[in-house]
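Subject: Structure for your review

Hello,

Here is the structure I said I would pass on. My notes on it follow below.

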Amino acid sequence: MTAIKHALQRDIFTPNDERLLSIVNVCKAGKKKRNCFLCATVTTERPVQVNVVKVKKSDKGDFYKRQTAWALRDLAVVDAKDAIKESPEFDLHFDKVYKWVASSTVEKNTFISCIWKLNQRYLRKKIDFINVSSQLLEESVPSGENQSVAGGDEEAVDEYQELNAREEQDIEIMMEGCEYAIANAEAFAEKLSRELQVLDGANIQSIMASEKQVNILMKLLDEALKEVDQIELKLSSYEEMLQSVKEQMDQISESNHLIHLSNTNNVKLLSEIEFLVNHMDLAKGHIKALQEGDLISSRGIEACTNAADALLQCMNVALRPGHDMLHAVKQQQQRFSDLREQFARRLASHLNSVFVQQGHDQSSTLAQHSAELTLPNHHPFHRDLLRYAKLMEWLKNTDYGKYEGLTKNYMDYLSRLYEREIKDFFEVAKIKMTGTTREGKKFATLPRKESAVKQETESLHGSSGKLTGSTSSLNKLSVQSSGNRRSQSSSLLDMGNMSASDLDVADRTKFDKIFEQVLSELEPLCLAEQDFISKFFKLQQHQSTSGTTMNEVEEMDGVALSRSYTSGVPQTVSSEKDMIRQMMTKIFRCIEPELNNLIALGDKIDSFNSLYMLVKMSHHVWTAQNVDPASFLSTTLGNVLVTVKRNFDKCISNQMKQMDEVKISKKSKVGILPFVAEFEEFAALAESIFKNAERRGDLDKAYIKLIRAVFDSVEKVANESQKTPRDVVMMENFHHIFATLSRLKISCLEAEKKEAKQKYTDHLQSYVIYSLGQPLEKLNHFFEGVEARVAQGIREEEVSYQLAFNKQELRKVIKEYPGKEVKKGLDNLYKKVDKHLCEEENLLQVVWHSMQDEFIRQYKHFEGLIARCYPGSGITMEFTIQDILDYCSSIAQSH
């Protein structure tokens, strides 16, 4: 190690003016053993810099190179891992933690001791030495090899002090006096001794000469003490004189304090009196207005409002402690209380009379709206009452009992008024929907006999033509009831040339307009009343932030309403927003039942009306929820929307049920099934209604249910059909379904559209193969035998040597199928197909073309067998492919 140390000093540190003090052979912990040296060095120039240098042996030779250097001042922690147990591992914490493993514990301890001593000598900074034995942390310099760490040349350097100029001059003079005979040390020492004795004698004489001066100084001190005593006597006399003056000044100060206290009390008393007079004095004009003020004119209402505000300020003034014990204050408070009670009674009585008068005045205008589908306008009444809004706020703050009484009376009067108006309004709407007169008489309707109904029902499943939407089995109830609800007045006679389907569309459009007008009239009425209630009764409307559902709101309102208006305690109302909703619920309690009755009537008139109602109601609910999700209008319309959605689901369920119960005629061909045509009508109607609607998802779910039911019912009818082949029923109906879905482009039914097309294609192919069969039956049997022989292992060119399948037998079979016979067979086949297919779907040519292709495929198959099994025989069929095409074309044209 010593040799390495000298080599490192010579090769690395001496060129850099550094001196190596300690070295340790280490490798990184946890990695591949690649040794290096950690060296503790100091610079030879001042100020001294202490470094820890990492030296590594070069890969290209035996020399060492300097790799990394850290300043000792950057070292934060030295961790020896274990202070008791010897371990070669230790950590140095610079900018990061460096983990090392020394080649021996002795080297590790020596290096750590050197680091500690260098820190103590040069840095004096706080380096944490953890898990280090206390024996290593010593300031004394150990013997042996470590002498060079803290002693040696460094101590010699620090003990040497350079002489200054004066010291150099004195030494030169002294040496000149000795004629620079430094070599004669004894003579030089004697000279110095003699000079020292001379100096000592001079010092003794100087001390003896200063004794007289000391005696003089003592006398002066005694004289000073006497003068001090005289001064103290004078100060004592002065203090006695000032004591009497102090007593007189204290008496004067106490007298001034009493005067100041009296003045302060007078000022405070004046301030309290001014406060009471300024804040608890009500002007005579205000008192007169409260007692006799006019509550009808705008000027009188304004004067009463100002007087009420002034009275409220006087009553609500914050009295200071002790004011309430004054008799005058109690009298004034009692006077204010009497004025408040008197004015509150007068105001409540006047407003109650206004509410009653409003009910009578509004009832007189109902006759004007009896024949129109409009609701009376309450804006003038609201405008007149809003003049009292500030007085209502005053009443709410001063006398909540009378305020609550007015609230109840307003709800009672207005609920009866609105109930009459809304019932008359819905009565007009029902009349316009059903076509009845005001007295309940109905217009004459066309008779509908039971036999006609039965005949119509039978025609649904007959073979005569395509069904219309008005005669579909899904709408039998609406068709049967249409005779009772359609007006056959002169306006209907003008529509005599219109079809039943056109009448259904007209009725549904009329219903849609009436229903939309009903909702459009109700919505502004409720919003206007809610806005008036919030302004007149001073109730704040806040946007709802809770996630309460409509049903929960309804149940919560029911409980809160009964609790609030039976107990009369205002604390039971959870918030002013709830109070608005409760008042609206009581005032418009008839809206929801009337809407439900109107919806039930519309559903009874035509079950398809539920589609219109669902779209309209959803839109109005969405609009109301955007304004306030927890408002009365939003809650009521939401509850009604639930009923409409149930009717819509019921309509879909009834259609599915009627599909399941459909019966087909056993004597006529099936054709396009009624519910397939009805689904087309429903889908076309629904697409026109639900265009850009908010509840499109409900329709998509209904589509899925209906189309699956249609698919299942088509298969069921096809399996039960006796007159028409199953493949024909499936092919025609699924072709119609596919055409309907392709035309309407319903995105949620894309999978069903592909399925319908696949079913149509599969059953078309199946019907073609089944109906065509084997038109050349004997030829088919012959070639089946040929194929059987080939399958048994006989080579194709040797089949002609079989007795039953020789060329002569083949010619006999071919002669039995001349072109005339083939055309006759195809003509019979065309008639058979024409008898199976219906005219509505017009698939005859498609089927006939598919049969032609299948027949040509069989012909080519026979030709191929002849060419392979009878090569060179010259045997051919007595008709060609062109003949087949001509036969099929002429047959199609002739029919």
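Helix α22 (residues 632-661) and helix α24 (residues 696-720) have axes that come within 9 Å and cross at roughly 10°. They are therefore roughly parallel to each other. Axes here are lines fitted to C-alpha atoms, for helices over the stretch in contact, with angles running from 0 to 180 degrees between N-to-C directions; angles under 35 degrees count as roughly parallel, over 145 as roughly antiparallel, 65 to 115 as roughly perpendicular and the rest as oblique. From α22, the contact (heavy atoms within 4.5 Å) takes in Lys645, Phe648, Ile652, Gln655, Met656, Met659 and Asp660. From α24 come Asp698, Leu699, Ala702, Lys705, Leu706, Ala709, Val710, Ser713 and Lys716. By class, this contact has nine nonpolar, two polar and five charged residues, where Ala, Val, Leu, Ile, Met, Phe, Trp, Tyr, Cys and Pro count as nonpolar, Asp, Glu, Lys and Arg as charged, and the others, Gly among them, as polar.

This is a predicted model, in which local features need pLDDT of at least 70 and side-chain atom pairs count only at pLDDT 80 or more, while totals for chains, interfaces and linings use all residues. Residues are numbered from 1 along each chain as its sequence is written, and side-chain values use heavy atoms, with hydrogens and water left out.

Phe648 of α22 has 1% relative accessibility and so counts as buried (under 20% relative accessible area; exposed is over 50%, partly exposed in between, with a 1.4 Å probe and protein chains only). Leaving aside neighbours within four places in sequence, Phe648 is in contact with Ser610, Leu611, Leu614, Phe690, Asp698, Leu699 and Ala702. Phe648 and Ser607 are 41 residues apart in sequence, with 8.0 Å between their C-alpha atoms.

Helix α23 (residues 674-689) has 16 residues and spans 22 Å from first C-alpha to last, close to the 22 Å expected (1.5 Å times one less than the number of residues). Of those 16 residues, 14 are buried, so α23 is largely enclosed by the rest of the structure.

Ile422, Lys423, Phe426, Ala429, Lys430, Met433 and Thr434 of α13 meet Ile591, Glu594, Leu595, Asn597, Leu598, Leu601 and Ile605 of α20. The residues of this contact are nine nonpolar, two polar and three charged.

The sheet is open and has eight strands in the order β4-β3-β2-β1-β7-β6-β5-β8, with mixed pairing; strands pair if DSSP finds at least two bridges between them. At the edges stand β4 (64-71) and β8 (128-130), each with a single partner strand, so one side of each is left without a neighbour in the sheet. The twist averages 30° from one strand to the next. Strands β1 (residues 18-28) and β7 (residues 97-102) run antiparallel and are joined by three bridges, and Lys28 stands opposite Trp100 in β7. Helix α2 (residues 105-123) packs on the sheet, its direction making about 140° with that of β1. Helix α1 (residues 2-13) lies across β1, β2 (36-43), β3 (50-57) and β4, at about 115° to β1.

Overall, the protein has 31 helices and eight strands, which are DSSP runs numbered from the N terminus (helices H or I, at least four residues; strands E, at least two). Buried residues make up 40% of the 895 residues. Of the contacts with a separation of 6 or more, 71% are between residues 24 or more positions apart.

Regards
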